[in-house]
Amino acid sequence: MKDIPENYKFLSSHEWAKLEEDGKVTVGISDYAQDQLGDIVFVELPEIDSEVNQGDEAAVVESVKAASEVYSPVSGKVIDVNSSLEDSPETVNLSAFEEGWFFKIEVTDISELENLLSPEQYSEHCQD
Amino acid sequence: MVDFHGWDMPIHYGSQLKEHEFVRNSCGIFDVSHMTILDIKGKDAKEFLRKLLANDVNALERDFDGMYSALLNETGGILDDLIAYKLESGYRLVVNCATRELDISWMESQLGNMDISLSERTDLSMIAIQGPLALDTLSKCFSPDASNELIKRTPFQGLMEEGTLVTTTGYTGEKGVEVMIDHEKAKTLWEKALVCGAKPIGLGARDTLRLEAGMNLYGFEMDEKISPLECNMAWTVSLKDKERDFIGKDSFKLKKETGEYHVLKGLLFEDRCIVRSDHEIFMDEQKMIKGVVTSGTYSPTLKKSIALARIPPSNLKNCLAEVRGKTVRASIGEPKFVKEGKIVFKNKTS
């Protein structure tokens, strides 16, 4: 499995959040999650401009094995979605931490990121 | 790896989707040694199977030919689905591993005073080689005589080569064979096939391949409460010989005459979601008339969500399902999506 990038934060339900330089937060699912799901065949993305709260269901990822909800690690407004995943959902399998991102959020409270798991904590969580 | 009824089996060897596509375009090799092989010998073998099976083994004329059949209980429900092959002496049944114990005890309970010996061939492995290039691969693994013979065979025929039974059967909708072979020889065959370009295929792709081909899986499309009429298996029930009495015959005929049963159809969804087994299907906007999905998956060939479903007979072209709070629509057609690499599903009424 791929190394977890240092500046990423996680929910225990396997979503990552990355604070970008422009202050926006990018969200995706971890490499561990894509590996557990197997071949991903459908991705359902949130609507642009929709509001989400931390922990809300914001997207759905479906693999040959199972469908699972993707929860938003932060609260705010969805300002962008990775619509290329609709035609190429396998991108999530190939590049979960980079090209396979799901959506970007304009966060309401940046301090919410502090509630999330660090790469070390998340990695320990995956080993449990 | 997963525990599949006591067998350690891989879901995939890397990517389920790639394995699926490889079988459709090239040649895949499957270790299906979990299947239970039973040899039925003795003076009364034929009589026994004519009573036991819904299909009639009397139609097997040549040695090593096979037929698909249901094993019915008295009420016409399906205890198992199997393939019966005629051997030089006696018959061979290949049954599911999940139903192994129940099948064997059912058969033993039906023996009565008949002269029958029933033996499980745990000394044999079973390997399937499937795909448009399967016969090319085989020609490199078997003697030229055997491969020339195999090319001439139509589906459900076979030959015996040095104790190895090779039959033109499979569970993918592609050309290919299934091979029942001594364990040591199986290893050699496996390695040879890989050298010839075949790739190993796991349980995951085995399931999506059979679903696209519209083939049933025991425990999903059928079980002991489901009649062959309800799972597209009526064609395997032979009523040709009116004198033949087989287990479940009366119940089957009665149900057929009343016409009151649901039927197995294929569903194709445009929405981006898989409608999996046990999911409810609705025939009307009011969601009052219901059916059920028996198996659902993502079809790598159609690149869409497909399902097999047991639904009330109708001339409707569409039906509905509810997924994550959203109503999705499916086209209804015959339960077959892909045959030999080509999409054959048609949205039609019956």
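Does A:Phe97 count as buried or exposed, and at what relative accessibility? A:Phe97 counts as buried, at 7% relative accessibility. This is a predicted model. Over all chains, the structure holds 31 salt bridges and 8 aromatic pairs.

**Aromatic contacts in chain A**

- A:Phe10 and A:Phe97 form an edge-to-face pair, because their planes stand at 80° with the ring centres 6.2 Å apart.
- This pair links distant parts of the chain, 87 residues apart. A:Phe10 sits in strand β1 (residues 8-10) of chain A, while A:Phe97 sits in the loop between α3 (90-94) and β9 (103-107) of chain A.
- Both A:Phe10 and A:Phe97 are buried.
- A:Phe97 also pairs with A:Trp16, and this aromatic pair is tilted, with 55° between the planes and 6.4 Å from centre to centre.
- The pair of A:Trp16 and A:Phe97 again links distant parts of the chain, 81 residues apart, with A:Trp16 in strand β2 (residues 15-19) of chain A.
- A:Trp16 is buried because its relative accessible area is 1%, and buried means under 20%.
- One aromatic cluster is formed by A:Tyr8, A:Phe10, A:Trp16, A:Phe97 and A:Tyr122.
- A:Lys104 lies over the face of A:Trp101, and the distance to the ring centre is 4.4 Å.

**A salt bridge between two chains**

- B:Arg324 and A:Glu62 meet through their side chains in a salt bridge, at 3.7 Å from N to O.
- The pair joins two chains, because B:Arg324 lies in the loop between β18 (318-323) and β19 (326-333) of chain B, and A:Glu62 lies in strand β6 (residues 57-63) of chain A.
- B:Arg324 is partly exposed, with a relative accessible area of 35%, whereas A:Glu62 is buried, with a relative accessible area of 1%.
- A network of salt bridges links A:Glu44, A:Glu62, B:Arg276 and B:Arg324.

**Salt bridges within chain B**

- The side chains of B:Arg92 and B:Asp39 meet in a salt bridge at 2.7 Å, N to O.
- This pair links distant parts of the chain, 53 residues apart: B:Arg92 is in strand β7 (residues 91-95) of chain B and B:Asp39 is in strand β4 (residues 36-41) of chain B.
- B:Arg92 and B:Asp39 are both buried.
- A salt bridge also brings together the side chains of B:Asp65 and B:Arg62, at 3.8 Å from N to O.
- B:Asp65 is buried, with a relative accessible area of 11%, whereas B:Arg62 is partly exposed, with a relative accessible area of 40%.

**Strand pairing in chain A**

- An open sheet of 3 strands in chain A has the order β4-β6-β7, and its pairing is antiparallel.
- β4 (40-44) and β7 (67-71) of chain A stand at the edges with a single partner strand each, so one side of each is left without a neighbour in the sheet.
- On average, neighbouring strands of this sheet are turned by 25° against each other, direction ignored.
- β4(A) and β6(A) run antiparallel and are joined by 4 bridges. A:Ile40 has A:Ser63 in β6(A) as its bridge partner.
- Strand β5 (residues 51-52) of chain A is joined by 2 bridges to strand β8 (residues 76-81) of chain A, and the two run antiparallel. Here A:Val52 stands opposite A:Gly76 in β8(A).
- β8(A) and β9(A) also run antiparallel, joined by 5 bridges. The bridge partner of A:Asp80 in β9(A) is A:Lys104, the residue that lies over the face of A:Trp101.

**Helix α5 of chain B**

- In helix α5 (residues 144-152) of chain B, B:Ala146, B:Ser147 and B:Leu150 are buried.
- The buried residues of α5(B) line one face of the helix, because they fall within an arc of 95° when seen down its axis.
- An α-helix has 3.6 residues a turn, so residues three or four places apart point the same way.
- Exposed residues B:Pro144, B:Asp145, B:Ile151 and B:Lys152 are carried on the face of α5(B) turned away from its buried side.

Note on methods. Residues numbered from 1 in each chain as written. Chains lettered and ligands numbered in written order. Predicted model: local features only at pLDDT ≥ 70, side-chain atom pairs only at ≥ 80, totals over all residues. Heavy atoms only, no water. Salt bridge = Lys/Arg side-chain N within 4 Å of Asp/Glu carboxyl O. Buried < 20%, exposed > 50% of the residue type's maximum accessible area, 1.4 Å probe, protein only. Phe/Tyr/Trp six-rings, centres within 6.5 Å; stacked < 30°, edge-to-face > 60°. Lys NZ or Arg CZ within 6 Å of the ring centre and 35° of its normal. Pairing = 2+ DSSP bridges. Axes fitted to C-alpha atoms, helices over the stretch in contact; angles between N-to-C directions. Arc of directions from axis to C-beta.
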